[in-house]
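Subject: Structure handover

Hello,

I am passing this structure on to you, with notes on what was found in it below.

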Amino acid sequence: MDSSLIWQEYNIKKIKLKNRVVRAATNEHLGTIDGIVTDAYINTYKTLANSGIGLIITSHMAIDKNQRADLTHICINEKENYDKLKLLTNEVHKVGAKIICQISYGGYRAIKIVGNKCMTPSGNDGTKEMSLKDIEDCISNHVKTIRLTKELGFDGVELHLAHGYLLNEFFRSFL
């Protein structure tokens, strides 16, 4: 394969990338203990964008503050994060990079924070079994959050479907 292809523009549907270099989602643990974006978080993404990456996928952000997987897990729906996340997307876009926001619901993983409402479809492993209303609320919260990502300037959304987070739990019996 010709290695020069990696530096050529590429389209993913309506997202035009300046190259084919993608930074996958990781968790930097750079939020505050209240799930708020920090300067260190923004600076990490600015550095990534300035390095020439074409597409950055953020660390997963919690849809619900009570569904965070750890104390530094950023909650996208906290109003205090809105301006910070707009700044983040603007900084990434300034150098021609694109940014996709990965979102998650804690599910079984939310059990790591004492007092969190840890829900799963089955209610296994000491979790609360989700009611039909819980499932409807989860769907509604995903839809609201996806709309919010657009308002904040993200170029797309990635749903976290692995590692025991809530959406992954719906597939557990099939794996």
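**Around Tyr45**

Leaving aside neighbours within four places in sequence, Tyr45 is in contact (heavy atoms within 4.5 Å) with Arg23, Glu28, Ile56, Ile57, Thr58, Ser59, Leu88, Val92 and Ile99. A word on the source: this is a predicted model, in which local features need pLDDT of at least 70 and side-chain atom pairs count only at pLDDT 80 or more, while totals for chains, interfaces and linings use all residues. Residues are numbered from 1 along each chain as its sequence is written, and side-chain values use heavy atoms, with hydrogens and water left out.

Buried means under 20% relative accessible area, exposed over 50%, and partly exposed in between, using a 1.4 Å probe and protein chains only. In soluble globular proteins, nonpolar side chains tend to be buried together.

Helices (H or I, at least four residues) and strands (E, at least two) are DSSP runs numbered from the N terminus. The protein has four helices and nine strands, in the order β-β-β-α-β-β-α-β-β-β-α-β-α along the sequence. S6 is largely enclosed by the rest of the structure, because six of its seven residues are buried. Strands count as paired if DSSP finds at least two bridges between them.

- S4 (residues 55-57), joined to S6 by three bridges, with Ile56 opposite Ile99.
- S5 (residues 61-62), joined to S6 by two bridges, with Met61 opposite Ile103.
- S9 (residues 156-159), joined to S6 by four bridges, with Cys101 opposite Val157.

**Salt bridges**

A salt bridge here is a side-chain nitrogen of Lys or Arg within 4 Å of a carboxyl oxygen of Asp or Glu. The structure holds six of them. Arg23 and Glu28, both in contact with Tyr45, form one with their closest N and O atoms 2.6 Å apart; both residues are buried. Asp137 pairs with Lys133, at 2.9 Å between the closest N and O atoms. These two are separated by about one helical turn because they lie four residues apart in H3 (residues 132-151). Asp137 is partly exposed at 31% relative accessibility, and Lys133 is exposed at 52%. Glu9 bridges to Lys16, with the closest N and O atoms 3.3 Å apart, and Lys16 is partly exposed at 49%. Lys46, Glu91 and Lys94 are linked in a network of salt bridges.

**Overall**

The C-alpha atoms fill a box of roughly 50 × 35 × 25 Å along the principal axes. Of the 175 residues, 43% are buried. Among contacts between residues at least 6 apart in sequence, 67% join residues at least 24 apart.

Regards
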